[in-house]
Amino acid sequence: MIYAVIDIGSNTVRLSVYKVNGEEVLNLFNEKEQASLRSYVKNGALSDKGIERLLGVLKKFKTVVDHFGDIDELHPFATATIRDATNRVEILKTVKDKLDLDIEILSEEEEAKFAFIGASSSVGVTRGVLTDIGGGSSEIVIIDQSKVIKSSSISIGSLSGFNDFVNGLFMNKDEKKLIDEEIKSLLEKKKVYRESHDLLCAVGGSARASLLFYNEYYKLDPYNTTMQSNKFCQMLKEIIEKEPREILDLILEIKPDRVHTLLPGMAILNRIAKYFSCKEISVSQTGVREGYVYNKLIERNK
């Protein structure tokens, strides 16, 4: 069986196609579009312009799937921005009417669960904390004995962090402090207790972009998948103290599509690692989409 999954996030929309043979999942190809849907939210609702942006991206990906030919099923799902939109019903109906696509809304609990399942397919996570930093929210999962003990979702991500706290193009020290305080407040409201864990496993685009930057910054093997928390924190401090032109050149060289969201994403990752006193951050190349395929599709067809 070949499945296509469209992950409608707050910052990016991603198409991933997988070949499933028994319980083996092979990623055939991926496409990504920077939709920045969170930027189109006004007074809690996704604007008409935002809905048009969503339709345009979905139409493009649907065309790719239709031309592929061998894809058996297409499964679009959405996370924070669509989930929290006050006009969610209207959005889903418009997409159905115009593109004949049924978008599944993942709950906070499902998103966290799928992130853990997906990460576990490439990283051995038996005890520690897992985070999936999206564009509009960040999932926090406490793991022990390879099981989910507690999961929470906090309403800040790389794009919402930029939109809500950063005035210029790049985050400064004062804005980083505001993001830090917001994360601590959100975690406390969710009753996510502070406890020490050696390992933080991170999934999602912000985590992968942070790792790319870390490897380049410290001149490490590009295939390295772990970051020392203290070195990551020091790197972030050094970056935000640079002149804007220096920061721009650094980001354009490594991850140009995240020029405005990379630093807020790093700030969130850094604060979560500090909150749980994690010494090491391990970045998984698999996450929610893979977890969705393993859990929703393979389990269904057993």
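The buried residues of helix H5 pack against strand E8 (128-133), helix H6 (173-189), helix H7 (205-217) and helix H10 (262-275). Here, contact means heavy atoms within 4.5 Å, and buried means under 20% relative accessible area, with exposed set at over 50% and partly exposed in between (1.4 Å probe, protein chains only). Helices (H or I, at least four residues) and strands (E, at least two) are DSSP runs, numbered from the N terminus. The model is a predicted one, so to speak of local features takes a pLDDT of at least 70 and side-chain atom pairs count only at pLDDT 80 or more, while totals for chains, interfaces and linings use all residues. Residues are numbered from 1 along each chain as its sequence is written, and side-chain values use heavy atoms, leaving out hydrogens and water.

Back to H5, which spans residues 158-165. Of its 8 residues, 6 are buried, so the helix is largely enclosed by the rest of the structure. Those buried residues are Ser158, Leu159, Ser160, Gly161, Phe162 and Phe165. One of the partners of H5, helix H10, also holds asparagine 270. This asparagine 270 counts as buried, at 2% relative accessibility. Leaving aside residues up to four places away in sequence, asparagine 270 touches Lys176, Ser229, Phe232, Cys233 and Leu236.

Next comes the sheet. It is an open one, built from 5 strands in the order E3-E2-E1-E6-E7, with mixed pairing. Its edges are strand E3 (24-34) and strand E7 (104-105), each of which pairs on one side only. Two strands pair if DSSP finds at least two bridges between them. Strand E6 (residues 73-78) runs parallel to E7, and the two pair over 2 bridges. In E7, isoleucine 105 is the residue that stands opposite alanine 78.

Strand E2 is where valine 13 is found. With 1% relative accessibility, valine 13 counts as buried. Not counting residues up to four places away in sequence, valine 13 touches Ile6, Asp7, Ile8, Glu31, Lys32, Glu33, Ala35, Val57 and Phe61. Valine 13 and phenylalanine 77 sit 64 residues apart in sequence, and in space they are 9.9 Å apart, C-alpha to C-alpha.

The structure holds 1 cavity of 30 Å³ or more, and the largest cavity has a volume of about 340 Å³. On a 1 Å grid over the protein atoms alone, a cavity is a set of points where a 1.4 Å probe fits but cannot get out, and lining residues have an atom within 4 Å of a point. Grid points are joined across faces, edges and corners, and a volume is the space filled by probe spheres set on the points. The lining of the largest cavity takes in 28 residues, with Asp7, Asp132, Gly134, Gly204 and Gly205 nearest its centre. Elements giving two or more residues to this lining are strand E2 (12-21), E8, H7 and helix H11 (288-298). By class, the lining has 4 nonpolar, 16 polar and 8 charged residues. Ala, Val, Leu, Ile, Met, Phe, Trp, Tyr, Cys and Pro count as nonpolar, Asp, Glu, Lys and Arg as charged, and the others, Gly among them, as polar.

Last, the cysteines. With a disulfide taken as a pair of cysteine sulfur atoms within 2.5 Å, the count comes to 0 disulfides. The sulfur of cysteine 201 is 11 Å from the closest cysteine sulfur, in cysteine 278, too far for a bond. Cysteine 201 is buried, at a relative accessible area of 0%, and cysteine 278 counts as buried at 5% relative accessibility.

Notes:
1 Å grid on protein atoms, 1.4 Å probe; cavity = no way out; pocket = protein on both sides within 12 Å on 5 of 7 lines; lining within 4 Å.
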